[in-house]
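Subject: Structure handover

Hello,

Here is the structure I promised to pass on. Please open it and keep it beside this email as you read.

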Amino acid sequence: MEEYQKLVLAKPDSAICQPLKEAFLTLRQAVESVEGEISSDVETELDTPL
């Protein structure tokens, strides 16, 4: 994901249109949000006594 972001954002506007860049960044934020929720859920389960 990191490498793809570098490629997308490095291209001049004529190669990759601005709406596509914005869509990619929105997708990236969604992925990071989900990853954060999963991490939080795992931490909660680890903190719960058996």
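Lys11 sits in the loop between helix H1 (2–10) and H2. Keep in mind that this is a predicted model. Is Lys11 buried, exposed or partly exposed? Its relative accessibility is 41%, so Lys11 counts as partly exposed. The limits here are under 20% for buried and over 50% for exposed.

Now look at what Lys11 touches. Leaving out residues up to four places away in sequence, Lys11 is in contact with Ile16 and Lys21. Lys21 comes ten residues from Lys11 along the chain. The C-alpha atoms of Lys11 and Lys21 are 9.7 Å apart.

Next, the whole chain. It has two helices and zero strands. How many of its 50 residues count as buried? The share is 12%. The accessible surface of the chain is about 4200 Å². Carbon and sulfur atoms account for 59% of that surface.

Now go to helix H2, which covers residues 18–47. Find Arg28 there. Arg28 has a relative accessibility of 14%, so this residue counts as buried. Which residues does Arg28 contact, if neighbours within four places in sequence are set aside? They are Met1, Glu2 and Gln5.

Arg28 also has a charged partner. Side chains of opposite charge can pair when their charged atoms come close. The structure holds one salt bridge. In that bridge, the side chain of Arg28 meets the side chain of Glu32. The distance is 3.0 Å, N to O. Where do the two partners lie? Both Glu32 and Arg28 are in helix H2. They are four residues apart, which is about one turn of the helix.

Arg28 is buried, with a relative accessible area of 14%.

One last stop is Val31, also found in helix H2. Val31 counts as partly exposed because its relative accessibility is 29%. How far apart are Val31 and Met1 in sequence, and what separates them in space? In sequence they are 30 residues apart. In space they are 9.7 Å apart, C-alpha to C-alpha.

Best wishes

Key. Residues numbered from 1 in each chain as written. Predicted model: local features only at pLDDT ≥ 70, side-chain atom pairs only at ≥ 80, totals over all residues. Heavy atoms only, no water. Buried < 20%, exposed > 50% of the residue type's maximum accessible area, 1.4 Å probe, protein only. Contact = heavy atoms within 4.5 Å. Areas by Shrake-Rupley, 256 points an atom, 1.4 Å probe, with all protein chains shown as cover. Salt bridge = Lys/Arg side-chain N within 4 Å of Asp/Glu carboxyl O.
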